[in-house]
Amino acid sequence: MGSHLCDALLAGGHTVLCADNLLTGRMANLEHLLDESRFEFVERDVCQPFDPGEVDYVFHFASPASPVDYLRHGIETLQVGSAGAINCLEIAKKYSAKFLLASTSECYGDPLEHPQKESYWGHVNPVGPRSVYDEAKRFAEAATMAYHRTYQVDTRIVRIFNTYGPRLKLDDGRVISNFMKQALRGEPLTVYGDGLQTRSFCYVSDEIAGIMALAQSDEHLPVNIGNPSEFTMLECAQLVLDVTGSQSELRFEALPQDDPKQRRPDIAKARELLEWEPKIDFRTGLQLSLEYFRGAVASSQ
Ligand code: UDP
């Protein structure tokens, strides 16, 4: 997502300083930007205070985001959502810059309200395995609102729902990267639980367009950006098989603890406020991602 955000900002004529400690990100996603004079990359952990010099806008997107990644890097996930968020907010405060926090549908936990509106406070297990991510992001949202209320920092919060597309790490453990990789290798698709849990998948260009629209708005409270078309994981597996033309079978595996049973954004607020809605349906988005995944699978062998 970060590299796609850099692309969109550069296309908008901006100059970008990108900071990442590459804990879960990959330099390969930025290589096409390294000759761009308006782009600079610094390898840095935003959990350590730093001063980038005068900036107009701070986007705090740093965090492991795939369940496999944040379960492996629990402490780092807690740190980047807390110390990292505070450091980024301090930069925005110092330079009177605007600020946008990448938050998440995980703030809703395993939701009892469906679809999820921004006004829903969520159903999060504060001590479960996913709490390292959910509570870090909820803290980051609280910190963002506190800097807005206390110091009048001009903040925004996007709640990002499941997003996919080119540049997803092949082994990040998310469902789309797993299914695409498994289908293209002719291996069984690993469906967790009975596969009836749902997610709503947004193609990355739609997600970035929504975030860019929010970045230019004056809304301080959270806004859901995602695609409201909802699929079970069984339907997702079937679509991946169709799009890849794969003959792979399904293999059912244990459902991870606290895996949300359903997730779908209510995007009425984004529609009204930003005049934004996703344009790319799931099948089309998977087709648009196919070439990337073919290349990634080929170079992983
Ligand atoms: N999932 C699955 N097989 C996989 C990976 C994930 O069935 O190989 C399921 C997972 O249990 C969850 C959904 O797909 O219900 C989405 O998981 P993902 O890790 O992509 O993201 P989440 O929405 O849980 O953060």
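Mentor: A backbone N or O atom of Tyr-192 stands 2.9 Å from a ligand oxygen atom, a polar contact in the sense of a pair of N or O atoms within 3.5 Å. The model is predicted: local features need pLDDT of at least 70, side-chain atom pairs count only at pLDDT 80 or more, and totals for chains, interfaces and linings use all residues. Residues are numbered from 1 along each chain as its sequence is written, and side-chain values use heavy atoms, with hydrogens and water left out.

Arg-130 takes part through its side chain, where an N or O atom is 2.9 Å from a ligand oxygen.

The shell around the ligand holds 18 residues, of which Val-175, Thr-190, Arg-199, Asp-259 and Arg-263 come nearest; a residue is near if one of its heavy atoms lies within 4 Å. By class, the shell has seven nonpolar, five polar and six charged residues; Asp, Glu, Lys and Arg count as charged, Ala, Val, Leu, Ile, Met, Phe, Trp, Tyr, Cys and Pro as nonpolar, and the others, Gly among them, as polar. At least two shell residues come from each of helix H5 (175–185) and strand E7 (189–192), these being DSSP runs numbered from the N terminus (helices H or I, at least four residues; strands E, at least two).

Note on methods. A polar contact is a pair of N or O atoms within 3.5 Å; within protein, one must be able to donate a hydrogen and the other to accept it, and residues adjacent in sequence count only if both atoms are side-chain atoms.
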